[in-house]
Amino acid sequence: ESTVNSKNEVASVSEKPSKKTKKKAETKMVKNTKAVANLKNVISDVNAEDIEISEPENYVAVQMINNAMQFLGVRYRGGGTSTDGMDCSGMVTAVYNLFDMSIPRSSRDMATVGEKVDSASVKKGDLIFFKTNGKRVINHVGMVVDIIGDEIKFIHSSTSKGVMISS
């Protein structure tokens, strides 16, 4: 058996090791110590200004987008949630269902859950809501698939062209 102590070194646990076993364990410990010493030297040689950190993509969001893209070209069908036809909230619901995640069925109700963010903070996988055709309430939803500068690309089901990507 092995345990890990607070210094992240592996300590062997046994009843009474033979001299041969004990020597192997000590040798391994020395090798690990050398590796850590080399790692510290590598890290100390890097200047902070040389390191560029970018925000990692959310794995689940990327997978949800990939699954939503499978619906591209599916025709519009009011109330639909399958590849036979789907409306905007039906497409989002279908994607969430693939991940065993529940979300309200209508775009208006979807907009009441989660956290509201401004357009400058939008990320891939976020839902984007609209009030279309002069309506006073939210009546359309899409899923953000990409952000290029100020342009937000989203997948949705339009009444005229079915599931498509728009800006």
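**Reading the cores and the pocket of a predicted model**

User: Which residues have the most contacts inside the largest nonpolar core?

Analyst: A nonpolar core is a set of buried residues joined through side-chain atoms. In this predicted model, the largest such core has 19 residues, and those with the most contacts inside it are Phe71, Met86, Met91, Val92, Met143, Ile155 and Val163. Two or more residues come from each of helix H2 (59-69), helix H3 (88-98) and strand E6 (140-148). H3 gives the most, with six residues.

User: What does Met86 touch, leaving aside residues up to four places away in sequence?

Analyst: Contact here means heavy atoms within 4.5 Å. Met86 touches Phe71, Val74, Arg75, Tyr76, Arg77, Gly80, Thr81, Met91, Ala94, Ser157 and Val163. Another core, of five residues, lies apart from the largest one; Val122, Ile128, Val144 and Phe154 are among its members.

User: How is the largest pocket lined, by class of residue?

Analyst: This pocket has a volume of about 620 Å³. Among its 19 lining residues, Glu115, Lys116, Val117, Leu127 and Phe129 are the closest to its centre. Strand E5 (residues 127-130) supplies the largest share of the lining, three residues. By class, the lining has twelve nonpolar, three polar and four charged residues.

User: Where does pLDDT stay under 50?

Analyst: pLDDT expresses the predictor's confidence in each residue, from 0 to 100. The protein has a mean of 79, and 66% of its residues reach 70 or more. Over residues 1-44, however, pLDDT stays under 50, and the model has 14 contacts beyond four places in sequence for that stretch.

Note on methods
Residues are numbered from 1 along each chain as its sequence is written. This is a predicted model: local features need pLDDT of at least 70, side-chain atom pairs count only at pLDDT 80 or more; totals for chains, interfaces and linings use all residues. Side-chain values use heavy atoms; hydrogens and water are left out. A nonpolar core is a set of buried Ala, Val, Leu, Ile, Met, Phe, Trp, Tyr and Cys residues joined through side-chain atoms within 4.5 Å. Buried means under 20% relative accessible area, exposed over 50%, partly exposed in between (1.4 Å probe, protein chains only). Helices (H or I, at least four residues) and strands (E, at least two) are DSSP runs, numbered from the N terminus. On a 1 Å grid over the protein atoms alone, a cavity is a set of points where a 1.4 Å probe fits but cannot get out, and a pocket is an open set with protein on both sides within 12 Å along at least five of seven lines; lining residues have an atom within 4 Å of a point. Grid points are joined across faces, edges and corners, and a volume is the space filled by probe spheres set on the points. Ala, Val, Leu, Ile, Met, Phe, Trp, Tyr, Cys and Pro count as nonpolar, Asp, Glu, Lys and Arg as charged, and the others, Gly among them, as polar.
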